Amino acid sequence: MRKMLAAVSRVLSGAAQKPASRVLVASRNFANDATFEIKKCDLHRLEEGPPVTTVLTREDGLRYYRMMQTVRRMELKADQLYKQKIIRGFCHLCDGQEACCVGMEAGINPTDHLITAYRAHGFTFTRGLSVREILAELTGRRGGCAKGKGGSMHMYAKNFYGGNGIVGAQVPLGAGIALACKYNGKDEVCLTLYGDGAANQGQIFEAYNMAALWKLPCIFICENNRYGMGTSVERAAASTDYYKRGDFIPGLRVDGMDVLCVREATKFAAAHCRAGKGPILMELQTYRYHGHSMSDPGVSYRTREEIQEVRSKSDPIMLLKDRMVNSNLASVEELKEIDVEVRKEIEDAAQFATADPEPPLEELGYHIYSNEPPFEVRGANQWIKFKSIS
Amino acid sequence: MAVVSALVRRPLEQVSGLLRRRFHRTAPAALQVTVRDAINQGMDEELERDEKVFLLGEEVAQYDGAYKVSRGLWKKYGDKRIIDTPISEMGFAGIAVGAAMAGLRPICEFMTFNFSMQAIDQVINSAAKTYYMSAGLQSVPIVFRGPNGASAGVAAQHSQCFAAWYGHCPGLKVVSPWNAEDAKGLIKSAIRDNNPVVMLENELMYGVAFEFPPEAQSKDFLIPIGKAKIERQGTHITVVAHSRPVGHCLEAATVLSKEGIECEVINLRTIRPMDVETIEASVMKTNHLVTVEGGWPQFGVGAEICARIMEGPAFNFLDAPAVRVTGADVPMPYAKILEDNSVPQVKDIIFAIKKTLNI
């Protein structure tokens with residue numbers, strides 16, 4: 001009831017700017033929460049898995065919807081900016097995979113840790129950075145979260161360790177963050193993500209071994225979107241049961257298009273680690289609508305029919321929307337309102353990202369060393385010197 | 001007189017004192033410490049000082065270290081702080097970097113730096129570049145250490161010097177101790193440094209003992225990273241080296257001194273950031289330069305020194321081209337005669353010095 005009143009007052013306080021329909025919406029009676037069935041996870045070396053039903057509150061539902069829609073529109077805006085050549089270099093988009101980043105964040109605490117590879121914009125957002133600073137980093141401006149020094153693959157936030165460009169390298173890093181969690185004795189876990197392509201990297205198996213040996217609170221998460229760049233999983237892996245590849249590490253295979261399934265699986269995995277049982281492995285079956293990166297149209301190795309089928313049957317935002325509308329957790333109009341707000345937020349962020357100036361040339365040499373008195377860095381020839389400060 | 005005062009001070013001991021003939025009280029023998037023990041001491045002190053410091057690597061704990069550098073540390077600090085790893089360089093180096101990102105202060109040992117090649121991506125891409133890529137948000141306070149360069153009879157795959165490779169990369173600091181005092185001061189500075197530091201030790205130096213000056217015995221003894229040391233003053237020629245070859249240069253200097261040639265020997269101590277100013281000041285005094293290193297000549301430490309000297313004020317003071325003494329440009333052979341001639345010997349240094357001085 002309190003939540004309902006809070007929602008109503010939030011809406012009413014915005015009534016001055018919003019069209020009349022908004023006020024009408026506020027007077028409808030929505031359900032506080034609803035129970036949904038979610039897909040059972042395939043298990044490896046586990047007696048039981050996450051629950052097959054879950055309760056979604058209206059508040060959480062609206063929040064997940066807004067977050068997924070924000071990630072979706074942010075990625076589509078990045079696509080647009082890239083085609084206008086305002087974003088350069090690498091740009092790996094995650095539209096289609098929104099349920100993964102939003103669902104995972106819903107299953108952990110802000111004090112837990114997360115590290116992923118280069119398809120990282122969604123996670124950068126769910127871990128707390130604004131669309132503004134993400135887009136401005138993509139366009140290489142001083143207002144970017146890394147002041148334009150990093151770009152698409154090198155964004156960092158509190159308890160979010162990027163953004164890593166070398167395929168697979170982030171996995172031992174994640175195990176190391178988990179080691180620090182255990183060392184500090186604080187009950188925190190580290191979500192260590194990699195793709196189906198990276199899953200064949202040797203260093204991942206080295207990390208599995210040490211994580212299991214030392215019982216590190218590390219959740220290894222394979223985001224299987226069926227293609228490692230242009231190579232389908234069948235052509236890359238002798239075993240495509242990625243959730244079993246940890247061998248002695250228990251694993252589960254999760255529907256990565258269902259935000260609730262991802263949330264429950266993440267909660268389950270985190271509980272496993274927090275109980276001191278050591279690492280666990282989650283495979284999220286998901287799909288990316290875009291190609292591997294903006295340089296890849298994404299249709300030479302898969303059919304347009306396949307992409308269209310996933311869009312129409314398994315789109316994560318559509319799935320959540322249908323659930324919420326059908327169980328009276330939200331109305332179509334209300335969700336459309338959120339769409340409008342999100343679009344505006346993205347538009348404003350894109351405006352900023354396009355108008356903000358590039359970082360000043362004087363800062364080219366900054367941030368070489370941490371905690372160091374200023375020194376000089378050599379430029380393109382011996383007479384060009386840049387000052388370096390920490 | 002000393003005997004009398006001793007008698008006055010310690011009447012009970014007077015008989016035994018006389019019997020022990022303590023007529024001349026000699027100064028206490030200077031403290032001799034091996035390079036191995038110096039590194040051990042440095043790590044021990046830093047482990048004690050800061051709970052976040054820990055050591056990981058192959059055989060560092062229960063074996064006491066492949067070269068016994070970490071002897072006694074596991075017994076003292078236990079499994080949490082001294083961690084034996086499986087043979088997984090890329091994995092454990094990555095784990096160490098991740099732990100550093102999350103706020104711990106790891107010392108990651110490579111049994112030799114040859115094996116660091118397996119993990120070099122983690123050192124360069126995950127450690128060295130991160131502070132820059134994150135515009136100062138994410139620091140990586142890690143030390144990578146272990147023996148570097150030629151040993152004795154270990155052949156090609158176990159003898160490479162990585163000073164040039166690691167010295168190439170912005171974001172890294174690279175140090176190369178020669179003697180015991182260098183080793184202790186530099187490992188402590190490296191551990192306290194907030195940046196990724198590569199410490200290139202030398203296996204053949206581990207067992208060599210050096211006099212340990214009193215200040216080196218302090219728990220806060222630090223040698224600044226980025227500062228070279230003039231080991232021997234001279235006027236005729238500047239000889240710059242790092243690691244074990246510093247000793248060879250000093251030997252060469254002793255021999256040449258008898259012929260009236262006074263060499264100024266500089267111990268680089270740090271490869272990156274390199275203390276070019278000390279070298280320049282010396283060359284401006286002596287007008288001649290010879291660099292000495294164990295690594296291969298192409299794109300090496302000496303090549304960098306020569307380039308920097310040409311670019312700076314010291315060039316105009318050179319009376320002869322700068323000369324490099326390096327390892328031979330071959331993979332390290334096994335047979336003793338071949339190996340001996342693949343590393344710079346004292347005679348090679350003397351020859352190069354005389355050539356430069358046109359003697």
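Predicted model: local features only at pLDDT ≥ 70, side-chain atom pairs only at ≥ 80, totals over all residues.
**Entry 1. Helix H5 of chain B against chain A**

I began with helix H5 of chain B, residues 89-101, and its packing on helix H7 of chain A, residues 170-184. I read an angle of about 50° between H7(A) and H5(B), with the axes 6 Å apart. The two helices are therefore oblique to each other. I noted the crossing of H7(A) and H5(B) as right-handed.

I then listed who makes the contact. From H7(A) come A:Pro172, A:Leu173, A:Ala175, A:Gly176, A:Ile177, A:Leu179 and A:Ala180. From H5(B) come B:Met90, B:Gly91, B:Gly94, B:Ile95, B:Val97, B:Gly98, B:Ala99 and B:Met101. I sorted the residues of this contact by class and got 11 nonpolar, four polar and no charged.

Next I looked at H8(A) on H5(B). Their axes come within 8 Å and cross at roughly 70°. I put them down as roughly perpendicular, because an angle from 65 to 115 degrees counts as such. The crossing of H8(A) and H5(B) is right-handed. On the chain A side I found A:Gln203, A:Glu206 and A:Met210. They meet B:Glu89, B:Met90, B:Gly91, B:Phe92 and B:Ile95 of H5(B). The classes in the contact of H8(A) with H5(B) are four nonpolar, two polar and two charged residues.

**Entry 2. A helix pair inside chain A**

I turned to helix H4 (residues 98-107) and helix H10 (residues 259-274), both of chain A. They pack at about 45°, and I noted 7 Å between the axes. That angle makes H4(A) oblique to H10(A). The crossing of H4(A) and H10(A) is right-handed.

H4(A) contributes A:Ala99, A:Cys100, A:Val102, A:Gly103, A:Met104, A:Ala106 and A:Gly107. H10(A) contributes A:Val259, A:Val262, A:Arg263, A:Thr266, A:Lys267 and A:Ala270. I counted eight nonpolar, three polar and two charged residues in the contact of H4(A) with H10(A).

**Entry 3. Helix H3 in each chain**

I checked the span of helix H3 of chain A, residues 58-83. H3(A) has 26 residues and reaches 37 Å from its first C-alpha to its last, close to the 38 Å expected. I found 19 of the 26 residues of H3(A) buried, so this helix is largely enclosed by the rest of the structure. A:Lys85, which follows H3(A), has a positive phi near 65°.

In chain B, helix H3 covers residues 35-49. Its 15 residues should span 21 Å at 1.5 Å a residue, and I noted 21 Å between the end C-alpha atoms, which agrees. Buried residues of H3(B) include B:Val35, B:Ala38, B:Ile39, B:Gly42, B:Met43 and B:Leu47. I also found B:Asn40, B:Asp44, B:Glu45 and B:Glu46 among the buried residues of H3(B).

**Entry 4. Backbone details in loops**

I looked for a cis peptide bond and found one from B:Arg272 to B:Pro273, with omega near 0°. B:Pro273 sits in the loop between strand S12 (270-272) and helix H11 (276-286) of chain B.

A:Lys215 is not a glycine, yet its phi is positive at about 55°. I placed A:Lys215 in the loop between helix H8 (202-213) and strand S6 (218-224) of chain A. Its relative accessibility is 45%, so A:Lys215 counts as partly exposed.

B:Ser243 also has a positive phi, near 65°. I placed B:Ser243 in the loop between strand S10 (237-241) and helix H10 (245-257) of chain B. B:Ser243 counts as buried because its relative accessibility is 7%, under the 20% limit.

I looked up B:Val175 in strand S6 (residues 173-175) of chain B. At 0% relative accessibility, B:Val175 is buried. Leaving out residues up to four places away in sequence, B:Val175 touches B:Leu186, B:Val197, B:Val198, B:Met199, B:Leu200, B:Ile225, B:Arg269, B:Thr270 and B:Ile271.

I looked up A:Ala146 in the loop between helix H6 (131-138) and H7 of chain A. A:Ala146 is buried, with a relative accessible area of 1%. I noted 9.5 Å between the C-alpha atoms of A:Ala146 and A:Ala157, which are 11 residues apart along the chain.

Technical notes:
Residues numbered from 1 in each chain as written. Chains lettered and ligands numbered in written order. Heavy atoms only, no water. Axes fitted to C-alpha atoms, helices over the stretch in contact; angles between N-to-C directions. Helix = DSSP H or I, 4+ residues; strand = E, 2+ residues; numbered from the N terminus. Parallel < 35°, antiparallel > 145°, perpendicular 65-115°, else oblique. Left-handed = near helix turned anticlockwise from the far one by under 90°. Contact = heavy atoms within 4.5 Å. Nonpolar A, V, L, I, M, F, W, Y, C, P; charged D, E, K, R; others polar. Expected span 1.5 Å × (residues − 1). Buried < 20%, exposed > 50% of the residue type's maximum accessible area, 1.4 Å probe, protein only.
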